[in-house]
Amino acid sequence: MCYNLSMTDIKQKLKDLPTNSGVYIMKSSSGQILYIGKAKNLKNRVSQYFANSSNKTEKTIRLVEKIADFEYIITRNEIEALVLENNLIKKHVPPYNILLKDDKSYPFIKINLKQDFPKVEVVRKLKNDGSKYFGPYMQGITSKDITELVESAFCLRSCNHDFKKLSKNHRPCLNYHIKRCLAPCAGLCSKEEYAKQIDNVISFLSGNDKKVSALLTEKMTAAAEHEDFELAIFYRKKLEILDKLVRRQVTALPKDFDLDIFAIAANGLNTVVAVLFVRGGKLVGSDKQVVSDLAPENGVVLENFITAYYDKINYIASEVVTATPVDDAELLSEYLSYKKGSKVNVITPHQGVRRQLADMAAGNASDYLEKSLSLKEREDNMTTGAIIQLEEYLHLSRMPVRMECYDISHIQGTDKVASMVVFVNGSPCRSHYRKFKMKYALGNDDFAGLQEAITRRIDELKESEDESFSSRPDLLVIDGGKGQLSSVMEILEAKGVKDIDVIGLAKREEEVFLPNNSQPVILPRNSYALKVLQRIRDEAHRFAITFHRELRQKRQTHSKLLAIEGVGAKRVKALFDAFRNIENIKNASVDDLCLVKGIDRRSAQNIYDHFHPKEDGNKN
């Protein structure tokens, strides 16, 4: 269905808008969703876009030029509007909303308190698993700095051993002998002793650093007295890192205090948000991001950014400070409190240490805005600008917000695979990449391979619970010319799919082929539209080749293992389940191999001897 209301029709729709809270959805002439926003008063908020005002930014003006219609959904209250807006943005991925990079993640320190002997580890995904998380850590003091301090001061395990699988006579590693671990793997410490160490680590990560300083100083002194100067220098360096951390103590804030500070800077064309992180009363990191959001006011953009930001990192501080007021601080506080499960205060301070931190964040935002202009302009041209160009050059039915590219890889028909690479708003969305191992289209026929991949992908569109497969593409890019394109069109026509654009990109002359058109389209060589097609094509090729090589190597490796006496297909699978790769199997001792389910000592010895033919077979 096409939408193309006249300005008179839009003005009439504006008059009929309710004053309730709700969500509004801006659409293009093809019905594609351009922007989704929330409002406590729909009539006032939506009317702002179409009002003749000098306050509108250049980007907002561009958006309004593309709006052909809008819809709205009334909600019972503002918090429902905020939640609905968030869910709809995730579902539809509009090109003019704030979209945080999919591949960007933040390091946290995790302690799994459900384990008898937990280790301190760095993770980039937070789970609701009962573990203690600290962070995020970024510039200035990194998660690596913190974990090295912890490992230097406290005797904790750093191994990945499953203690239940270890033999009773298991010997502790070197860390035990240099007093860096209590060796729970060998039963040399109780759960209670280990738990005391963990309590001290948690205390340190919560801001209490005096004990760590005393422990490191004591170890440095002892090493110097024993004339182990290399070890003494090691501890001195850790004390220097600790001193750097201590100097970041924010005065007038409690030591166990977590605080995030947000500031926005904009110049009408570009917008930057800077974030400072205070953890355990110390300034441990910062982040700066250029954002695209065409909300009519900076206060709305900042609120939208904070909502999207916490939705991504899934870790909310107990207090959120903004350098300038957000659209609705009470609403944002209620929403964040709901997500966190405890009270989150959202404030815009006017004085004191919080105001100083807010000014610091604002200074960071302004500085980054000034330095990121050319970078952001290039990024915009390469991403959003590129898909706008594609729509115009190729006369597509809609803006190709979600592009999928397919490629086939094999050697003489063996280990044949297909790749599906996804770009959203002109950028790789790696979590949505998928790969296919050919089931039916075997042999050298690449056309049949493409047909199988597209058939399986379209079949998954309605039935799959997979986030990527259930997302409808706007454009399919096929690596190849008229023949490959025709083979894919056969499948789409047979499946009754008519609302997805398809093109073929021939590598030799970089010609673009369209359905039902024998003449190719030649895109300008320096156009961003051609560059984004080349990027997604090359990425699909790389992804397909990588998968093909993995399968080929696995098949060849399995064949070698199957040649060992006493090793069959089930035992090969058990070995890879336990050791993950051939190098780990090769380096495993006979005792390690015996721990694998289904591997007896005779088979373990045969495997060991296979990889160590020159060694004494009795050595393990």
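Mentor: Two strands pair if DSSP finds at least two bridges between them. Strands (E, at least two residues) and helices (H or I, at least four) are DSSP runs, numbered from the N terminus. This is a predicted model: local features need pLDDT of at least 70, side-chain atom pairs count only at pLDDT 80 or more, and totals for chains, interfaces and linings use all residues. Residues are numbered from 1 along each chain as its sequence is written, and side-chain values use heavy atoms, without hydrogens and water.

Trainee: Which are the edge strands of the open sheet of 5 strands?

Mentor: Read the order: β9-β8-β7-β10-β11, with mixed pairing. An edge strand pairs on one side only. That picks out β9 (282–291) and β11 (345–347).

Trainee: Which residue in β8 stands opposite L259?

Mentor: Start with the strands. β7 (residues 259–266) pairs with β8 (residues 271–279) in the antiparallel sense, over 8 bridges. Opposite L259 stands V278.

Trainee: What angle does the direction of α10 make with that of β7?

Mentor: Axes are lines fitted to C-alpha atoms, for helices over the stretch in contact (heavy atoms within 4.5 Å). Angles run from 0 to 180 degrees between N-to-C directions. α10 packs on it, touching β7, β8, β9 and β10, and its direction makes with that of β7 an angle of about 135°.

Trainee: Which strands does helix α11 lie across?

Mentor: Find residues 329–340, which form α11. The helix runs at about 155° to β11. The strands it lies across are β10 and β11.

Trainee: Now the rings. Are F50 and F70 stacked, edge-to-face or tilted?

Mentor: Rings of Phe, Tyr and Trp (its six-membered ring) pair if their centres lie within 6.5 Å; planes under 30 degrees apart are stacked, over 60 edge-to-face, the rest tilted. The structure holds 15 such pairs. F50 and F70 have centres 6.1 Å apart and planes at 40°, so this pair is tilted.

Trainee: How many residues apart are they?

Mentor: F50 is in helix α2 (residues 42–50), F70 in strand β3 (residues 69–74). The pair links distant parts of the chain, and the separation is 20 residues.

Trainee: Is F70 buried or exposed?

Mentor: Buried means under 20% relative accessible area, exposed over 50%, partly exposed in between (1.4 Å probe, protein chains only). F50 has 14%, so F50 passes as buried. F70 has 1%, so F70 too is buried.

Trainee: Which residue lies over the face of F70?

Mentor: A charge sits over a ring if NZ of Lys or CZ of Arg is within 6 Å of the ring centre and within 35 degrees of the ring normal. Here the distance from the ring centre is 4.8 Å, and the residue is K13.
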